[in-house]
Amino acid sequence: MSTSTLMADPAAGRAECEPRTAFVLAGGAALGAMQAGMVHALYERGIAPDLLIGTSAGALNAAFLASRPATAATAGELAAVWRGLRRSDILPLRPATLLSGLAGRRDHLIPDRTLRRLAARHLEFDRLEQAATPLHLVAFDLLAGTEVRLSDGPLADAVLAAAAIPGVLPAVRWRGRLLADGGIADNTPVAHAVALGARRIYVLPTQDPADRGLPRPPRGALAAAVHAVTVLTNARLQGDLARYAQSAELIVLPAVNPGHIRPPTSPTRAS
């Protein structure tokens, strides 16, 4: 059973000249909230995906969309989920787990039970291959050091694997692999959309790919580290946009973030 199987196109009845369309949803923690607005803008213009590709927070959003109709109402439901989230819904702090992680007895600081419950509450199918719109989630194999595209198998495990921030959430064992957040290597998996045959790709980022500067110095060590990671992920995206410009039509939606809110902030603030 392959982790990179391309599912059948649900829009096979459309004219053959219509390009295969993909939505690529980037990671970005709480900044994933802005993707609900992007999806709303696309859906209300009649733009729907033939396949969905996501990683990290984008994996959660893509999985939510994959079993629902491509309507503005669906985008509104996704926005409502984000508005209702609190940090404790995703990253609850448990002193025992924190201490075990800091002492080297665990590989993570926060258990994934609450994130799994959140997924169970909002995802409407059990396995990736059951998605009404073909769904592909991108994770990273910590042992092999490679990206892994998940296209079949248990949905909850796949979502948790694609969103398992190393050191923060536990890695997920999957068919002999040890998987973590796909954003480690490719926070906006455009390459996977091209490999799956998409010829029109809507990129839903959580940061402006050209944004390398800051309006003010970072406040603290964590903010400085997050900015450094953002610069690296943006550089990868810029490289991929140039690399695949001749392979597909690439439409990058604007990630409007004038306040330069960074990913670790609360979901409510980001939304």
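**From the overall fold to one buried glutamine**

Among the contacts in the protein chain between residues at least 6 apart in sequence, 74% join residues that are at least 24 apart. The model in which these contacts are counted is a predicted one, and its protein chain has 10 helices and 8 strands. Of the 271 residues in the protein chain, buried residues make up 50%, while the accessible surface comes to about 12,100 Å², with 56% of that area belonging to carbon and sulfur atoms.

The interior can be considered next. In soluble globular proteins, nonpolar side chains tend to be buried together. In this model the largest nonpolar core has 52 residues, and those with the most contacts inside it are Leu135 and Leu150. Helix H2, residues 57-66, gives the largest share of this core, with 7 residues. There is also a second, separate core of 17 residues, which includes Val24, Ile53, Val190 and Ala248.

The buried residues of H3 are Thr74, Ala75, Leu78, Ala79, Val81 and Trp82. Seen down the helix axis, these buried residues fall within an arc of 155°, and they therefore line one face of H3. On the other side of H3, the residues Ala73, Arg83 and Gly84 are exposed.

Where does Gln35 sit, and is Gln35 buried or exposed? Gln35 belongs to helix H1, which covers residues 34-44, and because its relative accessibility is 0%, below the 20% under which a residue is called buried, Gln35 counts as buried. Which partners does the side chain of Gln35 reach? One is the backbone oxygen of Ala26, at 2.9 Å, and another is the side chain of Asn61, joined to that of Gln35 by a polar contact of 2.7 Å. When residues up to four places away in sequence are not counted, Gln35 touches Leu25, Ala26, Gly58, Asn61, Leu204, Pro205 and Thr206.

Note on methods:
Residues numbered from 1 in each chain as written. Predicted model: local features only at pLDDT ≥ 70, side-chain atom pairs only at ≥ 80, totals over all residues. Heavy atoms only, no water. Helix = DSSP H or I, 4+ residues; strand = E, 2+ residues; numbered from the N terminus. Buried < 20%, exposed > 50% of the residue type's maximum accessible area, 1.4 Å probe, protein only. Polar contact = N/O pair within 3.5 Å; in protein donor to acceptor, adjacent residues only side chain to side chain. Contact = heavy atoms within 4.5 Å. Arc of directions from axis to C-beta. Areas by Shrake-Rupley, 256 points an atom, 1.4 Å probe, with all protein chains shown as cover. Core = buried A, V, L, I, M, F, W, Y, C linked by side-chain atoms within 4.5 Å.
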